[in-house]
Amino acid sequence: MAENDDAGRGPVSRGGIAPQPLFAVAAVLLGSFLANFDSRLTTVGLPDLRGAFGLSFDEGAWLSTAGIDSQIFIAPAVAWLATVFGLRRVLGIPSLVYALVSLIIPLVRDYPTLIALSVVHGLLLGTFVPATLMIVFRNLPIRWWLPAIALYSIRVGFALDSSTSLVGFYVDHLGWQWLYWQGVVIAPLMGLMVYLGTPGEPVNRALLREADWGGMLLLGAGVGMIYAGLDQGNRLDWLGSGTVMALLVGGSALFVAFLVNESLVRQPWAHVNVLFSRNVGLGLILILLYTLTSLSNASLVPNFLGAVGQLRPEQSGWLLLTFGALPMFVLVPVSIWLLRHFDTRTVVVVGFACFAAANLWGTQLTHDWAREDFIGIVLLQAVGQSLTLLPLIITLLSNSDPSRATAFAAYIQIMRLGGAEIGVALMGTWLRVREQIHSFYIGQNLEVGDVNVVRALKQLTEHFAAHGAGSAPARAVGTLASFVAREANVLAYIDGFWLCFWLAISALGFIALITRAPPGPFTPAPFGFAKTVLRKCGVKVA
């Protein structure tokens, strides 16, 4: 009976110890960073890509959706594929194909071919992050887990903070093609690190015969359709679009079918009972809240500097790179040290408190804020990013069975990719709606004939009269309208910071519900004075 219950939780994930752990860690670093950088570069650099490929706004939107949607389709199944075929096969050959596709895409001008190659590009890219995470679980000694997972976890914040600056550098100095061509260099290097750092493994033919292909296809297709609906929702007006509704309803139906399938098949691939733990469920919710809260850094700051401050990506990117990305080289060792000596819940509280403080600071925003005014906010967010995701992953690992990483990783990938898209869709819609509301209310105070309005128009007309009296009145009205739009945008971004602030506060509430993890390899070691007291009490301390 126990054996049947164990089988129902999904395949056991075991692997040989890496012969060269440093190469394995390098593979984790390159794979996870490449995936996040490539996704961010094509998102941040989408305006440049539209111009380079000669695409309309709608065509560019679907290009972005196709690339990320294919990642979401494949990512949940990668851990199972790595368990069956081995990491060398899952990462080695795909890394070379990925490099070839990355080389070709900038040379294509036919839109259907571009979409097809983007889908292939996304499928291959989608294997990198989950597969490199499996290297940690399956091939590294446990003492290497914490630093390796630390590198894995900071890739999100580092890519968010440095990608804007990198896009500007590529476009201005090397050419937009390098948004893709960086993969030509990095992907084969990652494949080499995988080959050197992971042991060779035979194909697990027994597990292959029991493959739950239906479950994998249902989950991948379901979350992929939901993502596409969320990604296009803000552009196509959500429930007013038949395309968006079809994607969301169809994706939800496929996800329900996946849950039913996992309950009925003899060998489920990723049964939900791997999540039946209070701390695991709360941990996944906190990862979602982390993704949403960190939008203040990924979206609000650079978008405000672009929309209101009229800065190019390379100009705003300097701020995020210098005060967001680079401090993480210092903050990550600090977070590892904290996790070795303090409960993960304490570290997470500090991280979310930094996010809350940064967002509360952002609510003081005005249209006069320049790039340098955001330095304190970005620094606080860098601390929050370094002290939040890593302890959350450790919390999940401490409360789950690492041998079931194959099934568990499927849900981690859904939260990683799905949470990010939920956040982008939520923030995009929130800013658009709030800007419209504030524009309406400001406009109500600008009535025709109002003394203040007449005075403002008169001053603007006199200012423009020196450059042409005939066009001065029209330019005055246009300038006043631009002032209204600017202030409505500022108020919308203030509301965005308030939203992220309350998300961080709600995360602190969820942390209070998490109980202490059972003793294990991640249990914090007491300090020297605490060890002395424990030994005097007869407690054995390593």
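**Cavities, a helix and cysteines**

User: To start, how many cavities of 30 Å³ or more are there?
Analyst: The count comes to 2 cavities of 30 Å³ or more. Please note that this is a predicted model.

User: What volume does the largest cavity have?
Analyst: Its volume is about 160 Å³.

User: Which elements give two or more residues to its lining?
Analyst: They are α2 (21–44), α3 (46–53), α4 (57–85) and α6 (111–125). Of the elements, α4 gives the most to this lining, with 5 residues.

User: And which residues lie nearest the centre of that cavity?
Analyst: The largest cavity is lined by 15 residues, and those nearest its centre are T42, L63, G67, H121 and Y180.

User: How do the lining residues divide into nonpolar, polar and charged?
Analyst: For the largest cavity, the lining has 6 nonpolar, 8 polar and 1 charged.

User: Now the second largest cavity: what is its volume, please?
Analyst: The second largest cavity has a volume of about 40 Å³.

User: Which residues line it?
Analyst: Its lining consists of L286, T344, R345, V348, L392, T395, I511 and I514. Two or more of the lining residues come from each of α17 (344–362) and α19 (389–398). The element that gives the most is α17, with 3 residues. By type, the lining of the second largest cavity divides into 5 nonpolar, 2 polar and 1 charged.

User: Back to α6. How far apart are its end C-alpha atoms?
Analyst: They are 20 Å apart.

User: Which residues of α6 are buried?
Analyst: The buried residues of α6 are L114, L117, S118, H121, G122, L124 and L125. They lie on the same side of α6, because they cover an arc of only 160° around the axis. One of these buried residues, H121, is also among the residues nearest the centre of the largest cavity.

User: Changing topic: how many disulfides are there?
Analyst: The count comes to 0 disulfides.

User: What about C354 and C500, buried or exposed?
Analyst: C354 has a relative accessible area of 14%, so C354 is buried, given that buried means under 20%. C500 also counts as buried, because its relative accessibility is 0%.

Note on methods
Residues are numbered from 1 along each chain as its sequence is written. This is a predicted model: local features need pLDDT of at least 70, side-chain atom pairs count only at pLDDT 80 or more; totals for chains, interfaces and linings use all residues. Side-chain values use heavy atoms; hydrogens and water are left out. On a 1 Å grid over the protein atoms alone, a cavity is a set of points where a 1.4 Å probe fits but cannot get out, and a pocket is an open set with protein on both sides within 12 Å along at least five of seven lines; lining residues have an atom within 4 Å of a point. Grid points are joined across faces, edges and corners, and a volume is the space filled by probe spheres set on the points. Helices (H or I, at least four residues) and strands (E, at least two) are DSSP runs, numbered from the N terminus. Ala, Val, Leu, Ile, Met, Phe, Trp, Tyr, Cys and Pro count as nonpolar, Asp, Glu, Lys and Arg as charged, and the others, Gly among them, as polar. A disulfide is a pair of cysteine sulfur atoms within 2.5 Å. Buried means under 20% relative accessible area, exposed over 50%, partly exposed in between (1.4 Å probe, protein chains only). The expected span of a helix is 1.5 Å times one less than its number of residues. The arc is that of the directions from the helix axis to the C-beta atoms.
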